[in-house]
Amino acid sequence: MRRTRTALLATVAAGALVLTACSSGGGGGNSTTENKDAKVKQSKSAQQLAGQITFGDDAASKGPAEPVPGATPGGTMNVLERDSYTHLDPGQIYVSNEGQLATLIHRGLTTYKLDNAGKYTVVGDLATNSGEQSDGGKTWTYHLKDGIKFQDGTPITSKDIRWSVERLFAPFITNGPAYLQQWLANTAGTDYRKLLPDGPYKGAHLPDTLLSTPDAKTIVFHFPKPQTDTPYLFAMPGYSVVDSAKDTKQAYDKAPVASGPYMIKNFDQGKSMTLVKNPNWDPNTDSARHQYVDTFAITFNHQAEDSTKRLMSDSGENQTSVSFDNAVDTDNTPKVVGDPAIYKRTVAGYQPFVGQIDFNMKRLTDFDVRKALALAIPTKAVYQALGAEYGAEYAGGFLSPSLAGYQKADPLGKAANPNGDAAAAKKILTDAGKLNTKITYAYVNTTAGQQYSVTIATALKAAGFDVQRKELPSDTYYDLIGKVDNQYDIYASAWGADWPSASTVIPPVFDGRTIADQAPNYAHVNDAHINSEIDRIEALTDPAAAQKAWFDLNTYIVTKVIPGVPTVYYKQLQLFGSKVGGAVYNNMFSAIDATKLFVKQ
Amino acid sequence: MTTMTTPEDAAPKAAQGAFLSVRDLYVRFSTEDGIVKAVDGLSFDLQRGQTLGIVGESGSGKSVTNLAVLGLHNPATTEIAGEIVLDGQELTGASNRTLERLRGNRMAMIFQDSLTALSPYYTVGRQIAEPYVKHRGASKREGRERAIEMLEKVGIPQPRLRVDDYPHQFSGGMRQRAMIAMALVCNPDLLIADEPTTALDVTVQAQILDLLSDLQQEFGSAIILITHDLGVVSKVADDLLVMYAGRAVERGSTRQLLTEPQHPYTWGLLGSMPRLMSDVNEQLTPIPGAPPSLLAPPPGCAFHPRCGYTDLVGGGRCAVQRPDLPLGRGSACHLTDQQKRSVFIETIQPRLG
Amino acid sequence: MLRFLVRRTLGAVVILLFISAFTFFLFFAIPHDPALLSCGKNCTPDNLKTIHHNLGLDHPVPVQYYLFMVRIFTGHHFAAGNCPAPCFGYSFANSEPVWPTLIDRLPTTLSLALGSMVVFLLFGLGTGMLAAWRRGSAVDKVLSSASLVLSSMQIYFVGPLVLALLVYNNHILDQPKYVPLTQNPVHWFSGLIIPWCVLSILFTANYTRMARSTMIEQLQEEHVRTARAKGMSGAYVFFRYAWRGSLIPIVTILGIDLGSLLGGAMITEWTFQLTGLGRLAIDSVTKTDLPMLMGVMLFSSAMIVLFNILVDAVYAFIDPRIRLS
């Protein structure tokens, strides 16, 4: 449930590239038409996020995908990426850029479909639908479609799905998500490995009581507990299919067998990758993806500043260029949004992250002090550091607008008053006799971190706190604040959901029973009501009821516990060349949707 | 006795018939500290086949004078005035091209330290042949043959083998011979030898000097021999010129200068020179004091701060009035001829033994 | 000569051993666990332990060092694949074999280094010699001050400026990129011309100043005066005598510069998104990728050491006193 340290850091630092796999959602995002101005873009995404993501049936999962208006096949698309792909083995994929690539080359049991109206549906990908549950959500049955093949033409069977699941237990798989393994083994942490210590490689298999494959096209999961999020789970790129006949273990990470519309022609680690059409991908089996572009020519090492400058110039080959993951860098944002000719070549949307300033509950035990802190902190400082409206949106709670069932709420009035309320805070402190309470404020020594920490510290002093700023190096920031006995009172962090459900946010961040060094409960919240509510809501089988309960719990945490103050919902603006067609922001990938792109002829 | 026909300060015309005639030569260097008057109104003449010795301490202007003759000073930082006439051809103000054609061809120079004066990067043979190839239009092969011939002439054994050696492979004496070979390769009419034997031991010194004399016999060159060592010039020079602080202070034939020197500075030089026959316990008498700064030379006679005989002149004249160097044999000193003679005989000569 | 080479090579091996040990142990002095890199979101202590074992980090550091050094020569069969000698192991970050990665990055760095060397030698020595030739003149003053201004320029400033002026805004030159010479010589040239020039700026200024000062120094050497006294022309003396003597300091600095350039020009590669050894070095540091870091460090150290030996060998060609003694 934890994101990597670098992921957290990236978001705290600048909100630049996001290292999360699947996330966010809960409705719209942008429609397929390119928007004309920022306000329209923002209001549009906000409206559509109020919608509800649905689990698709057979009809919704049937290929081919709805054509992108005006799309023409052919051509080469240049892709400017910052980071090279470290992992290509589905079992090792978790971070966002690899997840983006995975949507082009890998397929799993389910996936997210974004239609031309901007609606998201979880549909069957290799499977005929998003999953059939029985036994109160404990048993999930999937049937494979006809005509699904690996890049070499071998049909994909239930044997491959079983293999793909079982190999996740092998010791060399350490990077990918662990939800499925934990659900099957019914354990926390990495104890699941005991279930199948060597994976399938020494002939052992998961028992039919957990995973059964009665025929070549049917797979049945028997979870010990109800798992109502299963359709989301299988949409994670980390649970994509691996060719059981060609599994080369560690080496598969460098040369995986493709099942998606594209396959890897050439990968020069750290330099470039070329994707070409997979001839054995049948559009009639895929309701979400297209295969318009002939070749994706991906090059790495492009910082956001570099990709932005190239795309802004729109010269030569930059006209047919795009970046899957780079956002417009903060410095160039004013130029991009200020020039209509450039601005029309952008898409915008949410990232899954919610920023917060944690209050260390082990040290700040007084509720009044925490409340005064929460009121006094000017969230505007963080907002500005992230590039204002193009990089952030003021947060009212810890749950992002990209989650299913999102309700706009601002119980502490933070979004309404981003400058903070020093007077109210001072009054609380005075009344409680806590004026001049000592606060050690740890901040990360990035440019953004230094900027907003000064503003925040000044505001806290004005509210009557005795603030000490403590600078922490960026590469060990999360190691230091992640210690349970750290000596800091307040510090920033950010958390993103793994799929559009609050169940991947509140339990990891606010469950008091998970407090440990490096666990993401950075505020060390241990509240009996929160803990019992988590247990109760996780047992609910009605998704709508669960969603409402999560958001109610969120309000309780924001107002009655105050383990921190939410600052912003992260957003981003992405730019593409003038000859790039079909550019749409996909909130499920937190990036431009690679499967819809085409080269304008 | 073939030289010096006119007084210094009159800036006379170059002497007719003299092979090299220097008239009223001034050499000034601009430095960060000011103008250095390295040569301050010098005149002399030299005939073919004759050897002129120029003696003086370091910094007296001996080398500067001769570099001026060759035109080797950097024109950007050096101001040269006066006349230098070589065989009827005016050299001051001559074009670089003209000078290049003369250098190494009609006039050549032997430098003091053959280790630094020869390029370490090229063979001895090549360095000897270069001027021959350039001035005589010879081919490389001819140049090499000529270099071998010259090496043999200056007494290098097995010249055919040694021609391809580099300078550092030669001993000091051999290097000096090679340098002489290089200077003589085009049979120059004027040979300037700047302290050619200083760095060598005594036996080799003698050989080199003999060699110079022999070569002069053969080629009939005029030679200027620069040295601070009166012992050396006494063996080979016909005439002597004593320089102090950029000026000539005494001149005459070698014999005259050694037997009846007139200038107190010349006396000092003789006194500080060890003699072969003298008692080893006998003390040498160095000239007291240090050579003057050429940035601001003393007024009057430049030697007066170190001179022990200014009282004899009296009236403080030495500190005010600069003495002239008279025509021909003579010295630039305010002492009367009588005084010069009696001081030398009474106090100097006994000390010289 | 042979004895000289053998002796220097042995010395180089000792230096490289020292550098390797220093790098290796220094790496472990950094309080950062390289296993975190591969730990993903499921970073439990158990998972870390598994990764430590997978990466061989469960041995004591001296044992790890010993194994690393031995495997360079013997090769080793890793889980990620077979690694024949010279074997620097597999990257912690992306499981790529280190040695082939180095070899893969070398052509970019080689092209960048040698190309810019041509540019900075041409311009640096040219202007430096011109300044020395016209010492004290207006030309000299203009060139000297221009080189001073240029030498204070920084690549990370000039690079983006040049890109903005010549590529983004006007598209006079191509977007810098590396195309192998063997694939398309024209694109190789047009893709590297900007990086060459930008990387050369600093060097050009240095070489201008160095060429000027050593030439002036050499022109005052006695043997140069001797050559002039022989009647050799100004140009002949300048180019044959003074120039020959200037070669030694120039070759010395060039050897050091080229050695370090071949280890990767980090800022230039970063600025122009060229994937050479410099880029690899930066990445391996930021990703705490020990095997890659060791590979790059040893490779670039070896380059510097090698070029030092080469320089000494070149001395012998330039200076017969060294050759014949």
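Asp87(B) lies in the loop between strand E4 (78-86) and strand E5 (89-90) of chain B; helices (H or I, at least four residues) and strands (E, at least two) are DSSP runs, numbered from the N terminus. The model is predicted: local features need pLDDT of at least 70, side-chain atom pairs count only at pLDDT 80 or more, and totals for chains, interfaces and linings use all residues. Residues are numbered from 1 along each chain as its sequence is written, while chains are lettered from A and ligands numbered from 1 in the order in which they are written.

**Backbone geometry**
- Asp87(B) is not a glycine, yet has a positive phi of about 50 degrees.
- Asp87(B) counts as partly exposed because it has 15 C-beta neighbours inside 10 Å (buried means 20 or more other C-beta atoms within 10 Å, exposed 12 or fewer, partly exposed in between, with C-beta atoms placed from the backbone).
- Ala245(B), also not a glycine, has a positive phi of about 50 degrees and is found in the loop between strand E9 (239-244) and strand E10 (247-253) of chain B.
- With 24 other C-beta atoms within 10 Å, Ala245(B) is buried.
- Gly63(A) and Pro64(A) are joined by a cis peptide bond with omega about -5 degrees; Pro64(A) sits in the loop between strand E1 (54-55) and strand E2 (76-80) of chain A.
- A cis peptide bond with omega about -5 degrees also joins Ala85(C) and Pro86(C), and Pro86(C) is in the loop between strand E2 (81-83) and helix H4 (98-133) of chain C.

**Chains and annotation**
- Chains A and C share the most contacts of the two pairs of chains in contact (C-beta atoms, placed from the backbone, within 7 Å).
- Chain A and chain B do not touch, and their nearest C-alpha atoms are 48 Å apart.
- An unreviewed UniProt entry lists residues 20-270 of chain B as "domain: ABC transporter"; UniProt positions are given in the numbering used here, feature names are shortened, and annotations may be inferred rather than shown by experiment.
- Residues 20-270 of chain B are 41% helix and 27% strand, with end C-alpha atoms 28 Å apart.
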